[in-house]
2 protein chains.
Amino acid sequence: MNALHIDWQPDKTLALPVYQQITDYFQRAIASGDWPMGAKIPSQRKLAAQFGVNRSTLITALDELVAVGLITSTPGSGMTVSGNHWSSLLAEHVNWAQYVQAGQFKPNSHAIQKINQFETDDVIRLSTGEPAPDQFPRALFQKAFDHLGQNLTSLNYTEPAGILALRQQIARHLAKVGIHTSADNILITSGSLQALQLVSMSLFPKDATIYTEAPTYVKSLHVFQSAHTHLAGVPMDNQGMAYWQLTPPAKDSHAIMYTIPTFNNPTGIVMSAERRQQVLAYAQDHRIPILEDAAYQDVWFDQQPPQPLKALDETGNVIYFGSISKSLAPGLRIGWTVATKPVIDRLTDVRMQTDYGASSLSQLVLAKILADPEYDTYQAHFREVLSHKAEAAQVILHRYWDDFATWDAPQGGFYLWVRLADRINIQKLFDLATAQNVLFNPGSIYDFQPNQYIRLSFSYESTERFEQGIRILTSLIKENF
Amino acid sequence: MNALHIDWQPDKTLALPVYQQITDYFQRAIASGDWPMGAKIPSQRKLAAQFGVNRSTLITALDELVAVGLITSTPGSGMTVSGNHWSSLLAEHVNWAQYVQAGQFKPNSHAIQKINQFETDDVIRLSTGEPAPDQFPRALFQKAFDHLGQNLTSLNYTEPAGILALRQQIARHLAKVGIHTSADNILITSGSLQALQLVSMSLFPKDATIYTEAPTYVKSLHVFQSAHTHLAGVPMDNQGMAYWQLTPPAKDSHAIMYTIPTFNNPTGIVMSAERRQQVLAYAQDHRIPILEDAAYQDVWFDQQPPQPLKALDETGNVIYFGSISKSLAPGLRIGWTVATKPVIDRLTDVRMQTDYGASSLSQLVLAKILADPEYDTYQAHFREVLSHKAEAAQVILHRYWDDFATWDAPQGGFYLWVRLADRINIQKLFDLATAQNVLFNPGSIYDFQPNQYIRLSFSYESTERFEQGIRILTSLIKENF
């Protein structure tokens, strides 16, 4: 368990002695339940620095807290919030730590918790899978807001599957990549992550096997595992998933395939047109449903990727997940699922029990923007900028890292998937880098076994900040490995 | 299974014979997977009417479809989409119906599915738990949109727990009802339904018992049951939950209490101040965490309800759920959870794996509106209008229903909880009413046993439409029972 995070300070202008302000603060934090039993208290050195007091004042306070039984001090392992000693207070407390552990959904991995927590602070974010804030199309949004301000007459729940006008716009948008569908076959979700969550709750039988590229984005989540299913990694070559290497599912056992054929996250690999046909045929032969995650569909550089599997799917075996997060604005939290009617109906029903639909406001704004003829112009410009950033990032990596790193040039997406020399301990590098306010994603959070990769995002930070981050990482690598 | 919903029609201006257009349409619907194996096809009479063709044309088409094995006709039980007969096509199909049944989350009850599906059509909605569209404060929203249009520079993911400015506004808002908390103890969710979902995934041990008022809103959902927990209904008197009637949890078994103390949904009962103290003390004695659902907190009529349990909670045992859906706009999809830090951290972590946060747009707009000094004026007016509608609805009920219905006057909230005379079959009345485009909620969807109640919402429809709905129901009751 991490030590408690403390940002309180005593007020030295008060009459109340500082040591007593400290004991009062500890009592309040523990009594309110914010500091659960067993929580680790920071070291004396850190506490003294945080409180701006000398060690002797601090020790006076801590001694008193130990004496009344609120905290326990164990030589060697430091101080913790006491268990049942201070019974008059704590006996009435629900032991939340126990509930937190007993809950059925798995916690994020330590690295991801750290990344989530740091990503909002002032750090260099080579981890972030988001468009750069300066690519935000203000004018498009301003037009949509103006329209809403003048025309919106209520903001109630929408149709269960999402606002019809938005589903129609998405159907139109999908036709451009070869998916011919209608509003009836589309469900709007709060981003495509929610769609995965819904599918796993609604359609996965217990103990189903989910075949997926190794490495893969979903390995970094617990959305599938929490539905009591098993992920099975399938190797990739440069054409995409090497489907012939997967162990065919046992008769009568449930198997599902999850794939990111276009700009696979994290590797950037694009499944070739031929491989798409083969994977589809294989899955049809074995009656394996396919979940196609197309989050990066629209962020290609020089040439449009092959058509989605869903465009080739004539039997309704493919469930397709799209999202506006990577090509416009993640803060809208809008994604879409395309599937046969029985699947859409089932997902819609569970969705209505889960959060009662996505923000109507986000849906209205997005429907307006997708209908705007300027949207295509924006998209073309967005892709061009991203492509330049990808190139610039690689020039920088060549300048600093050619001695110990290799990668393939991406054709789209947000990431460089970089293999570092074996001597570099990636977990250690991650810890050193976060201490210097640089974040990247260790490759092993995506993989089924340890690996020597890291994922670097070139999309979020400016090229200048990207270079600054790489310079810091370079120093760390040279000094430590 | 319901019969398939068909809204296609043949195009009589085409050269292709109409019967062939019909067989083509059936083939496409079945081949695409939209019509799953075993799905029930509407009767010949309904099909002929929908297609606008005479029976003999329709029969020509159906005969051909039966001949090629696409549909099966069974005397007495009608036509269904064939199983494996048409092997050349269907062998490659994933059997989605099987996945839909195997998924782990329970489907909504038939009545709720029907209500969800109908609520968007042109029906009289005495079922809808939403503010009336004409109470929508356009000016407040317009100001917020104008501000965003001028100031928004990006729309990315927010802090994992939600936008800080919004959490601060909510903390300020909560202080008015006696809950003194800080942004750190607040998690923003996509409505309070998502909060319940998160809590059940994150904190409920398997086989936990959830004590709750009977009847209760959560009985109509599967959000708790899907976490493998058991709901146990506790009777109410006019002061709220009769906690002394609950069987104390067995030693070492996990028990949790879920309560809607203020304007209980569906009954409207308000837990008295004294009962709140008692329930809190009981739960503390037995170390039972309390989930306090305060969705209707702000929609009181003449006098503010007693302080929330959370305001009286000194040990962090209560998790409090608030929402903007009932007092401003459900389409924002914003709710908030107040709890101790370890609980908030845990929920935030799971939430980041579930949908990566609520719409930033909704959060920004709501933060702006809550900070607007006009918000309080709007709220006072909103409550006044609602209170008048409640009164008017009761005048109407007295006029038409005094012979066979009783209810208690609500002090707040959206609903009348009406007991109908024993001779009235409520399920039958529900079916008759939906056929006449009037929706209400049968009381048994909220209860642990059949009952003679219905829930009528007076919030959504105008008083004129409310009366129109009651008139239709009155005729149905007089004619049929």
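Trainee: In which sense do β10(B) and strand β11 of chain B pair, and which residue is the bridge partner of Y258(B) in β11(B)?

Mentor: Keep in mind that this is a predicted model. Strands of a sheet pair through backbone hydrogen bonds, either parallel or antiparallel. Here β10(B) and β11 (residues 290-293) of chain B are joined over 3 bridges in the parallel sense. In β11(B), the partner of Y258(B) is L291(B).

Trainee: Which residue of β10(B) does T209(B) stand opposite?

Mentor: β10(B) also pairs with strand β6 (residues 209-213) of chain B. That pairing is parallel too, over 4 bridges. Opposite T209(B) stands A255(B).

Trainee: Is T262(B) buried or exposed?

Mentor: T262(B) lies in the loop between β10 (255-259) and α10 (273-285) of chain B. Leaving out residues up to four places away in sequence, T262(B) touches I269(B), R276(B), Y296(B), Q297(B) and P305(B). Buried means under 20% relative accessible area. T262(B) has a relative accessibility of 1%, so T262(B) counts as buried.

Trainee: Which residue of β13(B) does L187(B) stand opposite?

Mentor: L187(B) belongs to strand β5 (residues 186-189) of chain B, where I186(B) and I188(B) are buried on one side and L187(B) and T189(B) on the other. β5(B) runs antiparallel to strand β13 (residues 335-338) of chain B, and 4 bridges join them. The residue opposite L187(B) is T337(B).

Trainee: How many residues are in the largest nonpolar core, where W336(B) is among those that touch the most other members?

Mentor: Start with the contacts of W336(B). Leaving aside neighbours within four places in sequence, W336(B) is in contact with residues including I186(B), L187(B), I188(B) and T189(B), and also Y320(B), F321(B) and L366(B). W401(B) and L456(B) are also among the members that touch the most others, in a core whose residues number 167.

Trainee: Which are the edge strands in the open sheet of 3 strands?

Mentor: The order of this chain B sheet is β1-β3-β2, with antiparallel pairing. β1(B) and strand β3 (residues 78-81) of chain B pair over 2 bridges, and K40(B) stands opposite T80(B) in β3(B). An edge strand pairs on one side only, and those of chain B are β1 (40-41) and β2 (71-74).

Trainee: What rotation superposes chain B on chain A, and what relation is that?

Mentor: The rotation is 180 degrees, with 0.1 Å of shift along its axis and an RMSD of 0.1 Å. Of the residues of chain B, F145(B) comes closest to that axis, at 2.7 Å (C-alpha). The relation is that of a two-fold axis.

Trainee: About how much area do chain B and chain A bury between them?

Mentor: The contact takes 105 residues from each of chain B and chain A. The copies meet through the same surface, because 99% of the interface residues of chain B are also interface residues in chain A. Carbon and sulfur atoms carry 54% of the buried area, which is about 8900 Å².

Technical notes:
Residues numbered from 1 in each chain as written. Chains lettered and ligands numbered in written order. Predicted model: local features only at pLDDT ≥ 70, side-chain atom pairs only at ≥ 80, totals over all residues. Heavy atoms only, no water. Buried < 20%, exposed > 50% of the residue type's maximum accessible area, 1.4 Å probe, protein only. Contact = heavy atoms within 4.5 Å. Pairing = 2+ DSSP bridges. Least-squares fit on C-alpha atoms with pLDDT ≥ 70 in both. Core = buried A, V, L, I, M, F, W, Y, C linked by side-chain atoms within 4.5 Å. Buried area = accessible area lost by both parts, 1.4 Å probe.
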